[in-house]
Amino acid sequence: MEAQLLEGKKVAEKLRTQVEREIKEYAKQLMMPPTLRAIELGEDPASELYLKSQRRAAESVGIKHETTTLDSTASEADLIGEIERANRDPKVHGIIVQMPLPKTFQVDRVLDAIHPDKDVEAMTTSNLGKLVIHKEGLAPCTARSCIRLIEETGIDLFGKEGVVIGSSKIVGLPAFLLMIGKKITSTICHTGTFKSGMLESHVRRADVLVVSAGKPALIPGAWIKEGAIVIDVGINRVSGKTVGDVDFETAKKRAAFITPVPGGVGPLTTMTLMENLAQAISLQLKK
Ligand code: NAD
């Protein structure tokens, strides 16, 4: 039997209804519309696209979206100053710093200027640290979306074998940490695993496989364990088509559940960002 598709759009619509309800409640408590502020340095086409999808998702749940555009010649200190102003502003509940930043900027220093409770993309060292020790905080949207899709299968995850490929700060590592939190026995693989020739043996035992390497056809279908849950985060352009990191056609013959690319994780991430804003407000209200 072919795998069931885990489609991000359908799950995002369910999440949208839940987040809209929460935002309505918070708007009453705060006596103002919950607000997400994006800060950009000049205008960049990729950043404008992301801003557009943020605005659309925000409007669909009652969040006010604002963009502050600094001059493209602004310094790192100017940008940090703008972030600090937003940190202090009680009318701002979530902050996003739009990428890319100039090569001369220290990205980590800029991101760490965001107050952890307003860090809706969960890019600060503080929020990553909280994830490590399972302390309440915000988690990166793509990683959270992976877990939501895994839970969407309805399968009991307790004690299952999980394998994550890719150890980036925004996807692989937090997905791995969230999987541990779900009591999935988890392993993280990276270029070292690939180079040592061990990738296949790890993938073959995965009941839950999350692939986020950004390498087309990295995982052949023959490696997928029968009945596995396969979450393909990769986005690659190959001959004018968007494909993931898993060979979809062969993998869907062995997996029980699989995300298509496009249409899997991607469509869920922006709504998860709105879910993070709702959670950010709850953290702010506790203080
Ligand atoms: P990254 O380059 O920061 O990290 C890639 C990770 O994969 C690294 O840890 C690296 O060690 C590992 N890796 C690379 N080649 C490997 C190989 N041959 N074998 C094993 N591991 C290997 O990338 P990222 O930001 O985590 O993004 C990964 C992919 O996910 C990209 O295709 C990106 O476009 C996509 N992505 C999708 C979404 C979404 O919403 N769907 C969001 C973020 C990223």
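Trainee: Which helices each supply at least two residues of the shell around the ligand?
Mentor: Those are α8 (191–195) and α11 (266–285). Keep in mind that this is a predicted model.

Trainee: And which residues come nearest to the ligand?
Mentor: Of the 21 residues around the ligand, the nearest are Ser167, Ser168, Phe194, Gly214 and Ile235.

Trainee: What is the make-up of that shell by class?
Mentor: Eleven of the shell residues are polar, nine are nonpolar and one is charged.

Trainee: Where do the ligand's oxygen atoms sit relative to Ser168 and Ser167?
Mentor: For Ser168, a ligand oxygen is 2.6 Å from an N or O atom in the side chain.

Trainee: How much of the ligand does the protein bury?
Mentor: The protein buries 74% of the 850 Å² that the ligand exposes when taken alone.

Trainee: Changing topic. How is the chain divided?
Mentor: Into domain 1, residues 30–120, and domain 2, residues 141–265. Their C-alpha centres are 30 Å apart.

Trainee: What is the strand order in the open sheet of three strands?
Mentor: The order is β3-β2-β4, and the pairing is parallel. β3 (64–70) and β4 (94–97) are the edge strands, each pairing on one side only. From one strand to the next, the twist averages 20°.

Trainee: How many bridges join β2 to β4?
Mentor: Four, with β2 covering residues 35–41. Within that pairing, Arg37 has Ile95 of β4 as its bridge partner.

Note on methods
Residues numbered from 1 in each chain as written. Predicted model: local features only at pLDDT ≥ 70, side-chain atom pairs only at ≥ 80, totals over all residues. Heavy atoms only, no water. Near = heavy atom within 4 Å. Polar contact = N/O pair within 3.5 Å; in protein donor to acceptor, adjacent residues only side chain to side chain. Areas by Shrake-Rupley, 256 points an atom, 1.4 Å probe, with all protein chains shown as cover. Nonpolar A, V, L, I, M, F, W, Y, C, P; charged D, E, K, R; others polar. Domains from an automatic or database assignment. Pairing = 2+ DSSP bridges. Axes fitted to C-alpha atoms, helices over the stretch in contact; angles between N-to-C directions.
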